[in-house]
Amino acid sequence: SEAVSLAGHLSVDNLVLIYDSNGVCLDGAVSESFSENVAERFHAYGWDVFSLDGYNFDEMEILFNRLRKKQENPTLIIMQTIIGKGSPGKAGSNKAHGSPLGVEESKKTKECLGLSQEPFYVPAVVKEYFQNRKEQMQQAESQWKEEFRNWIKQNPTQGQIFMAHVERAIPINLEKEIQALQLKEGLSGRAASQECLQALGEMLPFLVGGSADLSGSDCTMLKNQGLISSSDFSGGNIKYGVREFGMAAIATGIYQTDLFLPFIGTFLTFSDYMRNALRIASLSNVQVIYQFTHDSVLLGEDGPTHQPVEHIASLRAIPGLQVIRPADSREVQMAWVAALRHRGPTALLLSRQSLPSLRGGGQSFDEGVGLGGYILKEASGGALKVTLLASGSEVSLAMEVADALETYGHQTRVVSMPCWELFEAQPREYQESILGEGMRVSIEAGVTLGWHKWLGANGFAIGIDTFGASAPVGDIREEFGLSVESILQRVLQALRQ
């Protein structure tokens, strides 16, 4: 390895030795908590690596200008700086991080840096520079717009495609188009979503998808589009590899280009790897759609490592993240409408196992999924005794339990609650009218945390507050009390008390 001399030549093939603020070479050094030579690691990746004095703007200009003219490889530029630079008492110390300098230390720091003691002092040369820079950029903007107008005239087809990306407009008839899809009976949530995606891929040229090495299982592949590669960006599918966090972070960046609407997929249990990126997407209010499949212990023999139990509740806990767990193919279709309408991130939680079509379903978006919770089955007559609340694959289970309860003379309502966030946005009067006056019972194949906010004083939650198990689905239902008979007996017992 040899250091790059910016004053002489600038070679993008050389690896720079890294030095600390005292001029001690860190190559191979072992510290209390970190022994990695970052420069060598990236050099081993095939990157070009440079180390600069973070305060030497002449060196920066030489390097940046050279790279603008020619950059063949990914490049890492390591800027050597000193925390709290200029502070006599705190420079180079963690004391400069997170705590104010104080009046006296601020005066000394300004003195060391040659700055005026005037509060919020901005030198005239800085104001002049940015005024000139503003004028230069305005001229560049005008020139670019003129060139763009000429390009549009000369390339009308490509221009139309480009403007579709810029506008990212959702067609007014989108809901009708999605509703018109003829899906097979008994599809799994992931399969129904894949069918929706194929149609959306044709309608929305700015839609781009990808998966963390699971596109065959999480059903995110746009079949009529190719793969994006380093030499071909014309496709609509990105192979992210086994890197869920990186995938989620990249998807946020893709949306922020203001040209694309990204969706990404993996198993729900792997959302743990993505949490920081999910949180930032929610904090930034970016429209990224996450397709999480294998959404409960009911996926069967994959076992507790792959069976999510706490994940539904943990995603609902993230502010700004719209979480939708549809109960059948129809609700999957409407979930996509909700995701495309929402100007923020959406998590679609989809089953691996088949879902029966719900009798009493088929509501429009504004009468069903768009409300977050809606009555799927009304009590057959008489005073309402029980309201069963459920999401996802447990909605059909709730329907069977309701039928059984009514044979005992207990009038039972079933409410599908695919999206708590949408339900919470409804007026309180609507919420109460849906939840009803009778005993409320929630059914969901996940932790019961959170459901009590909807259940009232006399209600209770049925779920799984332990990890899952590796077994056939039927055995899992019996083991964790998610069979019709088990739930029926719990409700009957509660009614007798």
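**Figure 1. Helix α7 passes helix α12 in a right-handed crossing.** A crossing is right-handed if the near helix is turned clockwise from the far one by less than a right angle, and left-handed if anticlockwise. The model is predicted: local features need pLDDT of at least 70 and side-chain atom pairs count only at pLDDT 80 or more, while totals for chains, interfaces and linings use all residues. Residues are numbered from 1 along each chain as its sequence is written, and side-chain values use heavy atoms, with hydrogens and water left out. Helices (H or I, at least four residues) and strands (E, at least two) are DSSP runs, numbered from the N terminus. The axes of α7 (residues 189–203) and α12 (residues 329–341) come within 9 Å and cross at roughly 50 degrees. Axes are lines fitted to C-alpha atoms, for helices over the stretch in contact, and angles run from 0 to 180 degrees between N-to-C directions. The two helices, α7 and α12, are therefore oblique to each other; angles under 35 degrees count as roughly parallel, over 145 as roughly antiparallel, 65 to 115 as roughly perpendicular and the rest as oblique.

**Figure 2. Residues of α7 meet residues of α12.** On the α7 side are G189, A192, S193, C196, L197 and L200, and on the α12 side S329, V332, Q333, W336 and L340. Contact means heavy atoms within 4.5 Å. By class, the contact of α7 with α12 has seven nonpolar, four polar and no charged residues. Ala, Val, Leu, Ile, Met, Phe, Trp, Tyr, Cys and Pro count as nonpolar, Asp, Glu, Lys and Arg as charged, and the others, Gly among them, as polar.

**Figure 3. The largest nonpolar core has 56 residues.** Such a core is a set of buried Ala, Val, Leu, Ile, Met, Phe, Trp, Tyr and Cys residues joined through side-chain atoms within 4.5 Å. Buried means under 20% relative accessible area, exposed over 50%, and partly exposed in between (1.4 Å probe, protein chains only). Y290, F292, L315 and W336 have the most contacts inside the largest core. Helix α12 gives the most to this core, with eight residues. Leaving aside neighbours within four places in sequence, W336 is in contact with S193, C196, L197, L200, F263, I289, Q291 and L348. A second, separate core of 35 residues includes V309, A398, V441 and F480.

**Figure 4. L397 lies in helix α13 (residues 394–407).** With a relative accessibility of 5%, L397 counts as buried. Not counting residues up to four places away in sequence, L397 touches I443, R477, L482, S483, V484 and I487. The C-alpha atoms of L397 and V166 are separated by 44 Å, and these residues are 231 apart along the chain.

**Figure 5. R168 and C219 each have a positive phi.** For R168, which is not a glycine, phi is about 45 degrees. R168 sits in the loop between α5 (156–167) and α6 (174–179), and is buried at 15% relative accessible area. C219, also not a glycine, has a phi of about 60 degrees. C219 is in the loop between α8 (215–218) and β4 (237–239), and is buried at 8%.

**Figure 6. W47 is in the loop between α1 (38–44) and β1 (48–53).** At 28% relative accessibility, W47 counts as partly exposed. W47 touches F42, P74, T75 and L76, not counting residues up to four places away in sequence.
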